[in-house]
Amino acid sequence: MSERVTFPRVLRSELTKLVSLRSTWFSLGGVVLLTVSLAGVVGYGIDHDGEPPADTTHAVAASFLPLDFLVLVVAVLGVLQMTGEYNGGAARATFAAVPRRWPVVLAKAGAFVAVTAPVMAVTAVASFLVCQAFLGDDGVSLGDPGVPGQVAGAAASTVLLGLLGLAVGTSLRHSAAAISTLVAVLFIVPVLLGPVLPGDREDDVLKFLPTVAGQAMYGSLGGADSPFPTLSAGASALVLVAWVAAALAAGTAVLVRRDV
Amino acid sequence: MIEVQELTKRYGDTLAVDALSFTVRPGQVTGFLGPNGAGKSTTMRMVVGLDRPTAGAVTVNGRPYRDHPDPLRQVGALLEAGSAHRGRRARTHLLALAQTHGIPRSRVDDVLAAVGLAAAARRRAGGYSLGMRQRLGIAAALLGDPDVVVLDEPVNGLDPDGVLWIRELLKGLAAEGRTVLVSSHLMSEMALTAEHLVVIGRGRLLADTTVDELIARAGVGGVLVRTPDATALRAALLATGAAVTSEERGTLLVTGAGAERIGDLARDNGLALHELTPRRASLEEAYMDLTREAVEYR
């Protein structure tokens, strides 16, 4: 085939770029190590001086408590995948090679999923197994009803929030601005929105936030003792996918119009 | 071939490029000259679609850059030194660019060798010196074996060896029939490399001409002759059709005859010469003259 730009080629290029940076492997390695070992700590804590989980969902969700926060590392990796283009001016070379630009965003998203999905799948399964091992008799097994879906939800939710980071980085292109915005969207807005909204609106709105939808995908929020209602895991996944698609579309629209 | 038509770029209140039109032809090195802030870089960025024109258009090989299915095979551009992620190895940086077009891996090694970075190919771009980053940028520009090469200030940061290398590289690319546009704010560098010149100032076209024409326009030049036989030499020179002026006793300023011809003429007539200095028309002066009005810091 002749030498010209095709989407699979741009995807290959973006894979090369993502796996060739040490920061990719440092941050993903850190996420795996911390998430899995903290899952063990959570399991140990519950087993020694906590109340045993109320049901299967809670037992599984305990494994992913560390992921509620460590997802930020994955999301920052998504941000840096784009803002890193402006470090040293690589963006000039990238967008001169692919002047239509939108394939670059899609290819980055594809490369991000290709690299993070397997890593997060392993992380989710390992976190689950380690935490349940510490829970002993209170633990559940991977074969119990609903458990595989919850574990898959943990991995998928992390990858999707990472793509949200990529989208924010595409719109804002400065690492510091993009990361601050991301922290605000993921962790500050959900906390502030509750008190700001009138009591009855709160329950209608919060469940649609990316962080809430993401955590509902693995049962970390929701259930009878939840401070506010959440959507089902499936509906939450759809909500999060919609957020990611909208944010990527908005970022791409900004990127193709702006001067590099 | 690069065709720039009524190209305009406005940043807020600043008109960086103002209805600029010129054509860059294949087979020669075209120098793109202007004082700092004249709009050279902005124009070059619009050539490769990094900046959008406010008005007007620029086409490369007959089409807007974005509309080419194989942009790197059409135009190779060095816009600023490096343009690579600081944490990525030079070879990987080029490989990722090559992969967007399905350019073979072997070509990456070829261009790295061509720019003299073969031994440093596995080092991270962040550890490169300015000169090495320039070479990396040139390697990226050559990656697609492009018909058109656009280089913004390529000699910045290069040592004398590197400057000489760039000069030969540019001439070689033009001799292969490629279109070569190279910017500089140094007339002296362009005088040695370019055959054609596009001079801009404050975003407007000041001259689109050959180097020889610009020298002629400068109105200086000629040969300075000091001789005890001024009257006889003057008569002999006038007889050959040269023009002679004299600013002081015993010196002649001759135009229309080269130093060799004047020397031969003096010998044939048995006249003594004490000095014979070709006043190589100062291209620098011509350029300063042209851009004097257009120097502006903004």
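**Figure 1. Packing of helix α1 of chain A against helix α3 of chain B in the predicted model.** The crossing of α1(A) and α3(B) is right-handed.

**Figure 2. Residues that meet between α1(A) and α3(B).** From α1(A), the contacting residues are A:R9, A:V10, A:R12, A:S13, A:T16 and A:K17.

**Figure 3. Buried residues of helix α11 of chain B.** Helix α11 comprises residues 283-291 of chain B, where B:L283, B:A286, B:Y287, B:L290 and B:T291 are buried. These residues lie on the same side of α11(B), because they cover an arc of only 120° around the axis.

**Figure 4. Domains of chain B.** The domain assignment divides chain B into domain 1, formed by 2-216 + 290-294, and domain 2, formed by 222-279. A distance of 44 Å separates the C-alpha centres of domain 1 and domain 2 of chain B.

**Figure 5. Fold of chain B.** Chain B contains 11 helices and 13 strands. Its C-alpha trace extends over about 75 × 45 × 35 Å along the principal axes. Of the 298 residues in chain B, 44% are buried. Among the contacts in chain B with a separation of 6 or more, 70% join residues 24 or more positions apart.

How values were computed. Residues numbered from 1 in each chain as written. Chains lettered and ligands numbered in written order. Predicted model: local features only at pLDDT ≥ 70, side-chain atom pairs only at ≥ 80, totals over all residues. Domains from an automatic or database assignment. Buried ≥ 20, exposed ≤ 12 C-beta atoms within 10 Å, placed from the backbone. Helix = DSSP H or I, 4+ residues; strand = E, 2+ residues; numbered from the N terminus. Arc of directions from axis to C-beta. Axes fitted to C-alpha atoms, helices over the stretch in contact; angles between N-to-C directions. Left-handed = near helix turned anticlockwise from the far one by under 90°. Contact = placed C-beta atoms within 7 Å.
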